[in-house]
Amino acid sequence: MPTTLRQARMELRTSESMKELLVKAASLDGMDLTAFVLVSAIERARQVVKDHANINLSNQGQLNLVQALRNPGQPTPAMKELMALPALEKFDA
Amino acid sequence: MTIKLAPYDPDQTYTGQKKFDCGNPIINKYVHENLKKQAKQKLCVAYVLIDNADNNKFIGFYTLAQHSISMASLSSLQLGSLPRIIPCTRLVMLGVDNAYHGQNLGKRLMREALMMTKNVANQIGSYGMYLDGDKDAIGFYQNLGFALLDGDKSPDPSPMFLSLAKIP
């Protein structure tokens with residue numbers, strides 16, 4: 001993120017030893033401390049946000065899903081009964 | 001009828017939300033601690049059942065989110081005409097307060113969630129509903145036509161799927 005405008009501010013507290021480690025690692029990587037902490041955190045944040053919308057199934061799970069989609073069959077009696085229940089009244093503010 | 005369904009507004013305080021008890025500790029914790037945050041971040045949409053007769057009390061809810069299932073480990077032959085990414089609507093959570101059990105409210109919330117899934121599919125495209133079934137609810141969902149995707153994982157939640165064709 002070298003040329004991004006940095007207008008928002010974040011502060012964090014940590015222990016002396018953790019800070020030392022971060023400073024050391026940042027200088028080994030040739031970055032200033034802020035850039036080092038941000039790059040690592042952003043990478044992790046992107047992954048978490050991406051994974052949030054993803055569902056991962058086992059190989060067998062994926063095969064079973066193909067089956068469920070190819071040969072879905074008819075709605076079950078319990079489903080028909082449930083869908084025939086009266087709609088809930090909607091709240092109009 | 002004094003019980004009504006409304007879109008959940010994270011900026012509103014609902015009577016009884018902190019004391020919501022549907023008998024399932026995971027769902028209770030979600031309602032007490034996570035629902036507001038998740039709805040604020042727009043990570044999901046929630047609908048809440050409120051009791052008009054009791055100070056608009058929070059008595060039930062469901063949350064939906066749009067997700068996709070990766071079919072990355074299948075060959076093109078196994079996939080056939082299906083895409084490698086299957087968009088679906090996920091039922092994240094659904095619950096009704098113990099004090100209101102026995103009125104079919106859970107089923108009627110489920111009905112609303114299924115109607116919405118159908119609408120989403122018609123308007124944007126989706127293959128059905130995905131959920132992680134709780135051990136006590138697997139039978140209920142199977143009766144409705146949900147397929148266990150990876151067997152019964154109890155006591156862990158079990159991935160389940162309902163194809164759109166099974167919603168009348």
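**Two chains, strand by strand and helix by helix**

In this predicted model, the cover over the buried residues of α1(B) includes β2 (45–51), β3 (57–70) and β4 (85–96) of chain B.

Q: Which residues of α1(B) are buried?
A: Let's stay with that helix, which covers residues 25–40 of chain B. Part of its cover comes from β2, β3 and β4 of chain B. The residues buried there are Val31(B), Leu35(B) and Gln38(B).

Q: On which residue is the kink in α1(B) centred?
A: From its first C-alpha to its last, α1(B) reaches 22 Å, close to the 22 Å expected for its 16 residues. Still, the helix has a kink of about 60 degrees. Just after α1(B), Lys42(B) takes a positive phi of about 60 degrees, but the kink itself is centred on Asn34(B).

Q: How many of the residues of β7(B) are buried?
A: Take the two ways its residues point. Ser158(B), Met160(B) and Leu162(B) go one way and are buried. Pro159(B), Phe161(B) and Ser163(B) go the other way, and they're buried too. So, with a residue counted as buried at 20 or more other C-beta atoms within 10 Å, the number for β7(B) is six of six.

Q: What is the bridge partner of Tyr130(B) in β7(B)?
A: Strand β7(B) runs antiparallel to β5 (residues 128–133) of chain B, and six bridges join them. It also runs antiparallel to β6 (residues 147–148), with two bridges, and there Leu148(B) is partnered by Met160(B). For Tyr130(B), the partner is Phe161(B).

Q: How many residues of α2(A) are buried?
A: This helix spans residues 33–52 of chain A and reaches 29 Å, close to the 28 Å expected. It's hardly covered. Among its 20 residues, the buried count is zero.

Q: Which element gives the most to the side of chain B that touches chain A?
A: The contact takes 39 residues from chain B and 31 from chain A. On the chain B side, β1, β3, α2, α3 and β7 each supply at least two residues. The one giving the most, with six residues, is α3(B).

Q: What is the bridge partner of Lys90(A) in β1(B)?
A: Here a strand of one chain pairs with a strand of the other: β2 (residues 89–90) of chain A and β1(B). They run parallel and are joined by two bridges. In β1(B), the partner of Lys90(A) is Leu5(B).

How values were computed: Residues numbered from 1 in each chain as written. Chains lettered and ligands numbered in written order. Predicted model: local features only at pLDDT ≥ 70, side-chain atom pairs only at ≥ 80, totals over all residues. Buried ≥ 20, exposed ≤ 12 C-beta atoms within 10 Å, placed from the backbone. Helix = DSSP H or I, 4+ residues; strand = E, 2+ residues; numbered from the N terminus. Pairing = 2+ DSSP bridges. Expected span 1.5 Å × (residues − 1). Bend = angle between axes of the 7 residues up to and from the residue. Contact = placed C-beta atoms within 7 Å.
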